[in-house]
Amino acid sequence: QGLGGGAGEAPEGISADVIPFDCYPEGQYPLITTFSQFLCMLDASLERPFLSRGRAGVKPTGRSGGGSARSRMVDFALFEAYYFPRLGDVTGRRRFSLDPSTLFTEIMSVIKGSIETLGQSAGPQPLGRVQYARLARSRQSSLGEEERGHIFGLYEEYQRIKAATFTDYDIADLVLHMHSELAATPYQGPRLWSVMVDEVQDLTPIELALLPHVSDNLDGFFFAGDTAQTIAHGVGFRFETLKDLFYARFVRDAQVKSFAVPEIWHLKQNFRTHKEVLCIANTVIKLLLYLFPESIDRLEDEVSVVDGPKPIFFSDTEDVISALLGRGDINHCEFGSDQVILVRDDETKARLRSRLESKALVLTVVEAKGMEFSDCLIYNFFSSGGFGAAWRCALNAWPAFLDERQGSAVPKHRPFDAKLHGPLQAELKKLYVLLTRTKQNLFIFESDQQAREPLQYLWSHPSVRAVVVKRFDESDRAVLTASSTPEEWCSRGREFRARQNHEMAQQCFGRGGDEVTQRMSSADVLYVQ
């Protein structure tokens, strides 16, 4: 019996026919599922589940297993759009330079999601104000004590607003409820012999701490992930934290007197891409480690035995999409199924798709994570985030590439401040994800000259030489507008459909001429909406 799966998203759109975990047919193992589906299945096996399963879908019922149905999960998008503007006064948030991502991560990964929440005398529950301050002092953190007090006040306000809706809950509410129920009534279903979790960096400690409830075999756990790709909002993960968690919960709960905590294996051989792309990606890792030393695990540089072309940073002031379109006729510009335009967010994606229609694949950071393409164009990443000044401050703080004897640095800006420029940590991780999607050719375009200057300077610096800076020409157009066969398009469509990206699947099946599956994907799009 085994369980394998990836982190996935929080429980949204789960079908009504969730099979309780203790009722899963033994003959159908190994079970391959997302972690969110696993949570729903395990919850369904509890005596008092958090989620009620009705014909209209999965509805949360609250900690008591009854009462008003809760139906809206607070993910980062909802937190940023609805909750954050209502928390505290704007002056206070500006004073502490608090952004939505930092606050959401502190709430979900520390106050409600740290392993310490499970050791409370009153049972699993969020940390109190004093506990949070004490825990923060015991960790290497850029958050001051006064700032932590302010964060906790905003957390309390968030909880009050959420409770007043009678419909909203977050993933920590579900998981803490499950821990409480399992502590009162232990899981009685079949025990798993092995558990493999991929993309482990997207999970909180309390989510991982559920696994010992379904498996007694301490030698059967296998975790894989990359802390440089922790782009899930609300999660702050390092493998060293997992190591501590394994000893504190897995080994202690199993009451094992002597047990060697598993070794962490650093897999530095990259099989996706070539040396030149890894060169530019490794600079991002070095920046992360220098600016935010506790944000990721310290690993050796990734290596590859494959040679390839240097990434190209376009120096054009004209929009590269306009250059690709040439005469402006969209019919003269078609990308292949192995070429992609990578952007930061849905807003940029929507603007590009309105220009390119269905002639090119356009993916956001979240959509592209875990995928690979022969040729990638990163489009307007730096300007779309609004962190231009932060990039300048970061580069000026990094002495490794600012040897004045080899040329002048980027124009000086205010000193780098880890608290003030904290959102840059997430930006660097997103950038790393985009840089490592390519197997062959990588192109970078930034229309805002000021926004592109810091990283262009870094990557073209004599001590780095990670990119070629040039203007867009016909050879670049030839690479990006390569053609694909109908079967290649349909193959890509099946990949998108398996990832539940129905919008992109619809586009691919349309390009591949598979009208039946295209209509099915269109129906999936409407269903999700």
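Mentor: Strand E12 (residues 373-379) is mostly covered, with seven of its seven residues buried; buried means under 20% relative accessible area, exposed means over 50%, and partly exposed lies in between, using a 1.4 Å probe and protein chains only. Strands (E, at least two residues) and helices (H or I, at least four) are DSSP runs, numbered from the N terminus. This is a predicted model, in which local features need pLDDT of at least 70 and side-chain atom pairs count only at pLDDT 80 or more, while totals for chains, interfaces and linings use all residues. Residues are numbered from 1 along each chain as its sequence is written, and side-chain values use heavy atoms, with hydrogens and water left out.

E12 has strand neighbours on two sides. Strand E10 (residues 339-343) runs parallel to E12 and is joined to E12 by four bridges; two strands pair if DSSP finds at least two bridges between them. Leucine 342 has isoleucine 378 of E12 as its bridge partner. Strand E13 (residues 438-445) also pairs with E12 in the parallel sense, over six bridges. Here leucine 377 has phenylalanine 443 of E13 as its bridge partner.

These strands belong to an open sheet of six, in the order E11-E10-E12-E13-E9-E14, with parallel pairing. Strand E11 (361-364) and strand E14 (468-470) stand at the edges, each with a single partner strand, so one side of each is left without a neighbour in the sheet. From one strand to the next the twist averages 25°; such angles run from 0 to 180 degrees between N-to-C directions, and axes are lines fitted to C-alpha atoms, for helices over the stretch in contact. Helix H12 (residues 346-356) lies across E10, E11 and E12 and runs at about 175° to E11.

Another covered element is helix H15 (residues 388-396), where seven of nine residues are buried. Those residues are Ala390, Trp391, Arg392, Cys393, Ala394, Leu395 and Asn396. They pack against helix H10 (275-291), helix H14 (381-385), helix H16 (424-435) and helix H17 (449-460); contact means heavy atoms within 4.5 Å.

As for nonpolar cores, each is a set of buried Ala, Val, Leu, Ile, Met, Phe, Trp, Tyr and Cys residues joined through side-chain atoms within 4.5 Å. The largest has 65 residues, of which Phe21, Leu39, Leu42, Phe79, Leu211 and Phe223 touch the most other members. Apart from it lies another core of 53 residues, including Leu361, Met371, Ala390 and Ala451. Ala390 is also one of the buried residues of H15.

Elsewhere, the axes of helix H4 (residues 100-111) and helix H6 (residues 145-165) come within 10 Å and cross at roughly 85°. H4 is therefore roughly perpendicular to H6, a label for angles of 65 to 115 degrees. Leu103, Glu106, Ile107 and Ile111 of H4 make the contact with Ile151, Phe152, Leu154, Tyr155 and Tyr158 of H6. Isoleucine 107, in helix H4, is buried, with a relative accessible area of 0%. Leaving aside neighbours within four places in sequence, isoleucine 107 is in contact with Phe79, Lys112, Gly113, Tyr155 and Tyr158.

Technical notes:
Parallel < 35°, antiparallel > 145°, perpendicular 65-115°, else oblique.
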